[in-house]
Amino acid sequence: MLTRRMVLTGGAAAGLMAGSVSWAWPVLAAPVETFPVTHTDAEWHKLLTPEQYAVLRQDATERPFTSPLLNEHRAGVFGCAGCGRGLYSSETKFDSGTGWPSFWAPLNDNAIGTTQDTSFGMIRTAVHCAGCGGHLGHMFNDGPPVTGLRYCMNGVAMTFKPVAA
Ligand SMILES: [Zn+2]
């Protein structure tokens, strides 16, 4: 699994050698945001599986087509694996063909937050849980017509609660 920390180190070095100014972006795009749910790093290690920790706390990305939630088609709510906050409704889930659970809108205005992510030499919008700040995935502008957005999520960072039939 690649983490952003590992990639940033390589990317910064490459940017400096090439004389590019892109290495400065992470500094500009890092406002200090506080979250209702906070834990120490040691506590997160205890609360999360190694895979969840790598994604939620280290910005890793799960391999595509590996999440059981990809084929979760029941009605319900997808929540944060770190703090339990509701993130997405099954009503906005769609098959993007990417191999990651995809949604065209968050559950509500308080579900998620976004930041600019310049890792991997790309400018992307990273999505995090508004409850604990855990990294969830990225948002792209090539979603279905409803909103035109595609929230590309790591399934390992979420849990699913079906609604009672
Ligand atoms: Zn959370």
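Visitor: What should I know before I start?

Guide: Residues are numbered from 1 along each chain as its sequence is written. The model is predicted, so local features need pLDDT of at least 70, side-chain atom pairs count only at pLDDT 80 or more, and totals for chains, interfaces and linings use all residues.

Visitor: In what order do the strands of the open sheet stand?

Guide: Strands are DSSP runs (E, at least two residues), as helices are (H or I, at least four), numbered from the N terminus. Two strands pair if DSSP finds at least two bridges between them. Here three strands form an open sheet, β2-β1-β9, with antiparallel pairing.

Visitor: Which strands stand at the edges?

Guide: β2 (86–89) and β9 (158–162) do. Each has a single partner strand, so one side of each lacks a neighbour in the sheet.

Visitor: How is β1 joined to β2?

Guide: Three bridges join β1 (residues 76–80) to β2. V77 stands opposite S89 in β2. The two strands form a hairpin with five residues between them. In its turn, G84 has a positive phi of about 85°.

Visitor: Which residues have the most contacts inside the largest nonpolar core?

Guide: In soluble globular proteins, nonpolar side chains tend to be buried together. A nonpolar core is a set of buried Ala, Val, Leu, Ile, Met, Phe, Trp, Tyr and Cys residues joined through C-beta atoms within 7 Å. The largest one here has 27 residues, and L87, M153 and A157 have the most contacts inside it. Its largest share, four residues, comes from α4.

Visitor: What is A157 in contact with?

Guide: Contact means that C-beta atoms, placed from the backbone, lie within 7 Å. Leaving aside neighbours within four places in sequence, the contacts of A157 include Q52, V55, L56 and C80.

Visitor: Is C132 buried or exposed?

Guide: A residue is buried if 20 or more other C-beta atoms lie within 10 Å of its own, exposed if 12 or fewer, and partly exposed in between. C132 has 21, so C132 is buried. Its place is in the loop between β6 and β7. Beyond four places in sequence, C132 touches F35, V37, C80, G82 and C83.

Conventions. Two residues are in contact if their C-beta atoms, placed from the backbone, lie within 7 Å.
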